[in-house]
Amino acid sequence: AAARLAAEQEVENLSGLSPNPEKDIFVVRENRTTCLMAEFAAKFIVPYDVWASNYVDLITEQADIPLSRGAEMKGRCGTNESELELSWLEQAYTLKLSFLKEGHNTSRGPETFWRLSRIQFTYDTSERTYFKDAVSPGKHTASSHRLSALLTPAGKSYECQAQQSISLISSDHQKSVQLLLSEVRLQPFDIPADFVFSEEHKCPVDQREQLEETLPLILGLILGLVIVITLGIYHVHHKLTASQVQIPRDRSQYKHMG
C-alpha cells in the first residue's frame with residue numbers, strides 16, 4: 001500500500017520558475033492531479049546563545065535563516081487535512097506546514113474555510129552556515145500554539161504580498177522564533193486543475209494597501225467630475241442670461257424702441 005501511494009504521489013519543487021530568487025514554488029500531486037500548491041518567500045529569525053568574551057556570561061545572537069531554493073519536499077493531501085514538509089541543508093532545517101478545512105457559523109449562515117493550523121520548524125544549532133559558536137549545539141523544534149492563520153474561504157487560494165510575521169516557541173529555553181512570510185500564494189484544497197490556483201482571497205493588509213492606492217484616483221475622478229459639472233452649469237447659465245432681452249431703465253431710451 002505504501003509503495004502504491006508513493007507511486008501515485010508526486011512532489012515538485014518548481015522554484016526555478018520564479019524570477020525572484022527568494023521565492024519558492026512547491027506542488028503536490030496525487031493520482032495525477034494537483035492537490036496542493038504553495039508559492040512564498042520565507043525566512044526564520046532564530047535567537048541562540050553564545051559565550052561572552054569573558055567565557056562566563058551568555059549573550060544572545062540572532063541567526064537569519066532563509067528557506068533554500070533547493071529544499072527537498074514531502075506532501076500529503078486529504079479531504080480536510082493537508083500537509084507540506086520542506087527540508088534543506090542536509091535536513092539541518094525542516095519546515096512543516098499543516099492545513100485544516102472546517103465549517104464555521106457566520107452571519108450569512110454555515111460556511112467552510114481552510115486555515116494554516118500548525119507550523120513546526122526544526123533547526124540544528126551545530127550547523128555552521130547560520131549559527132556561529134552556539135552554546136550546547138544541537139537540534140531544537142519551534143512550534144506554533146493554537147494557530148489559526150491565513151483563514152480563507154473553501155475553494156479559494158490565499159494571496160498576500162505583504163510580509164507577515166508568525167511567532168513560534170522553541171524547545172531551546174522557550175525562545176521566540178519568528179517566521180517571516182511574504183509574496184504568498186497558497187492553496188491546500190480544492191484545486192480546480194493542474195497547476196492552476198483558484199480565485200484569490202487577499203489578506204487584509206493587501207486589501208488596505210489596494211484601497212490606499214486606488215482611493216486618491218477615485219477622489220481625483222470625483223473632483224474632476226464635480227469641476228466639469230460646475231463649469232457646464234456655469235456655461236449654460238451664462239448663455240441663458242446673455243440671451244435675455246435687457247429692458248431699458250432710462251425712459252429716454254424708449255424712443256428708440258418700436
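Visitor: By class, how many nonpolar, polar and charged residues does the lining of the largest cavity have?

Guide: The lining of the largest cavity has eight nonpolar residues, with no polar and no charged ones. Here Ala, Val, Leu, Ile, Met, Phe, Trp, Tyr, Cys and Pro count as nonpolar, Asp, Glu, Lys and Arg as charged, and the others, Gly among them, as polar. The model is predicted, so local features need pLDDT of at least 70 and side-chain atom pairs count only at pLDDT 80 or more, while totals for chains, interfaces and linings use all residues. Residues are numbered from 1 along each chain as its sequence is written, and side-chain values use heavy atoms, with hydrogens and water left out.

The lining residues are Phe40, Leu97, Leu116, Leu150, Leu179, Leu181, Val184 and Leu186. A cavity is a set of points, on a 1 Å grid over the protein atoms alone, where a 1.4 Å probe fits but cannot get out; lining residues have an atom within 4 Å of a point. The count is one cavity of 30 Å³ or more, and the space in the largest cavity is about 50 Å³. Such a volume is the space filled by probe spheres set on the points, with grid points joined across faces, edges and corners. Strand E13 gives the largest share of this lining, four residues. Strands are DSSP runs of E with at least two residues, numbered from the N terminus.

A pocket is an open set of points with protein on both sides within 12 Å along at least five of seven lines. The largest pocket holds about 160 Å³ of space. Pro21, Glu22, Ala41, Ala42, Lys43, Pro66, Leu67, Arg69, Gln163, Leu180 and Ser182 line this pocket, and E3 supplies the largest share, three residues.

Next come the paired strands. Two strands pair if DSSP finds at least two bridges between them. Strand E6 (residues 81–88) and strand E7 (residues 93–106) run antiparallel and are joined by eight bridges, with Leu86 facing its bridge partner Leu95 in E7. These two strands form a hairpin with four residues between them, and Leu89 in the turn has a positive phi of about 50°. E7 is in turn joined to E8 by 14 bridges, again in an antiparallel arrangement, with Gly103 opposite Thr112 in E8. The hairpin from E7 to E8 passes through two residues.

Rings of Phe, Tyr and Trp (its six-membered ring) pair if their centres lie within 6.5 Å, with planes under 30 degrees apart counted as stacked, over 60 as edge-to-face and the rest as tilted. There are twelve aromatic pairs by this rule. One of them is the edge-to-face pair of Tyr48 and Phe131, 4.9 Å centre to centre with 80° between the planes. Tyr48 lies in strand E3 (residues 33–51) and Phe131 in the loop between strand E8 (109–124) and strand E9 (139–143), 83 residues apart. Both Tyr48 and Phe131 are buried, a term for under 20% relative accessible area, with exposed over 50% and partly exposed in between (1.4 Å probe, protein chains only). Phe121 and Tyr123 make a stacked pair, 5.6 Å centre to centre with 20° between the planes, and both are buried. Ring pairs link Phe44, Tyr48, Trp88, Tyr93, Phe121, Tyr123, Tyr130 and Phe131 into a cluster.

The whole structure has 14 salt bridges. In one of them, the closest N and O atoms of Lys23 and Glu39 are 3.4 Å apart. Because Lys23 lies in strand E2 (residues 23–30) and Glu39 in strand E3, this pair ties together parts that are 16 residues apart in sequence. Lys23 and Glu39 are both buried.

Notes: A salt bridge is a side-chain nitrogen of Lys or Arg within 4 Å of a carboxyl oxygen of Asp or Glu.
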